[in-house]
Each structure stands twice: as C-alpha cells, then as structure tokens.
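Dear colleague,

Please find the structure below, handed over for your use. My notes on it come after the display.

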Amino acid sequence: MAQELLFILLVFAIVWLWLDSARAREIATELAKVLCQRKGVQFLDGTVALRRLRLCDMGSGKRIGRIFNFDYADETGERYQGNIQTCGREVTDVSLGIYVQE
C-alpha cells in the first residue's frame, strides 16, 4: 500500500513539474517576443529553450527557478542570444546581450 501511494505521489509530482515548466516556458516565450519587438530585432525560432533548472528563494519560500535562452537577429542579420530568468512564474531578470534592457 505504501509503495502504491509513493508511486502515485511521484507521478503527480512529475506531472505538476511538467505543467509548471510548460507555463513558465509560455511566459518566457511571450516576453521574448515583446522584448524583440520593442528593440526592433527579429525573434528567431519562435521559442525559448530551457538552459538551467534550480531552486530559488522568493522570500515567501522556495520556488523552481529557470533560465531560458532565445536567439534574435538585428538588421544586419547577426545572430545573438538573450536569456530570461524566472523564479516560479515571476520574471526576475532579462538579458538581450548587446542591447540595453529597459
């Protein structure tokens, strides 16, 4: 009985992590699109990629932190990489490489 309960909890935790990661990725993708539009650069590939997963502290407790990378190009066609850092579902940092953040 205890093994079945442990298995169910493990499956639940994996599903929750997958759904939470999918939502965080959607948030990061939309933010990358908006940032690229504001800077007048082209958001490449239409998505972000998870680079790092870690625990972070939000003051109210520990959350899952993620760092997403994305590619963009300027008017010369030069390709650059930006990143978005989240803690839970909150964005904590944005970097657009050579472009100055707002």
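The findings follow, grouped by region.

The model is predicted, so to speak of local features a pLDDT of at least 70 is needed, side-chain atom pairs count only at pLDDT 80 or more, and totals for chains, interfaces and linings use all residues. Residues are numbered from 1 along each chain as its sequence is written, and side-chain values use heavy atoms, with hydrogens and water left out.

Helices (H or I, at least four residues) and strands (E, at least two) are DSSP runs, numbered from the N terminus. Buried means under 20% relative accessible area, exposed over 50%, and partly exposed in between (1.4 Å probe, protein chains only).

Strand β3. Leaving aside neighbours within four places in sequence, Phe70 is in contact (heavy atoms within 4.5 Å) with residues including Ala32, Cys36, Val48 and Ile84. Asn69 lies in β3 and counts as buried because its relative accessibility is 13%. With residues up to four places away in sequence not counted, Asn69 touches Val48, Ala49, Arg51, Gln81, Gly82 and Asn83.

Strands β4 (residues 79-87) and β5 (residues 90-95) run antiparallel and are joined by five bridges; two strands pair if DSSP finds at least two bridges between them. Cys87 has Glu90 in β5 as its bridge partner. Two residues separate the strands of this hairpin, and Gly88 in the turn has a positive phi of about 70°.

Strand β1. Gln42 lies in β1 (residues 42-43) and counts as exposed because its relative accessibility is 52%. The C-alpha atoms of Gln42 and Asp74 are separated by 6.4 Å, although these residues are 32 residues apart along the chain. Beyond its neighbours within four places in sequence, Gln42 is in contact with Asp71, Tyr72 and Ala73.

Helix α1. Val11 is placed in α1 (residues 2-39) and is partly exposed, with a relative accessible area of 35%.

Yours sincerely
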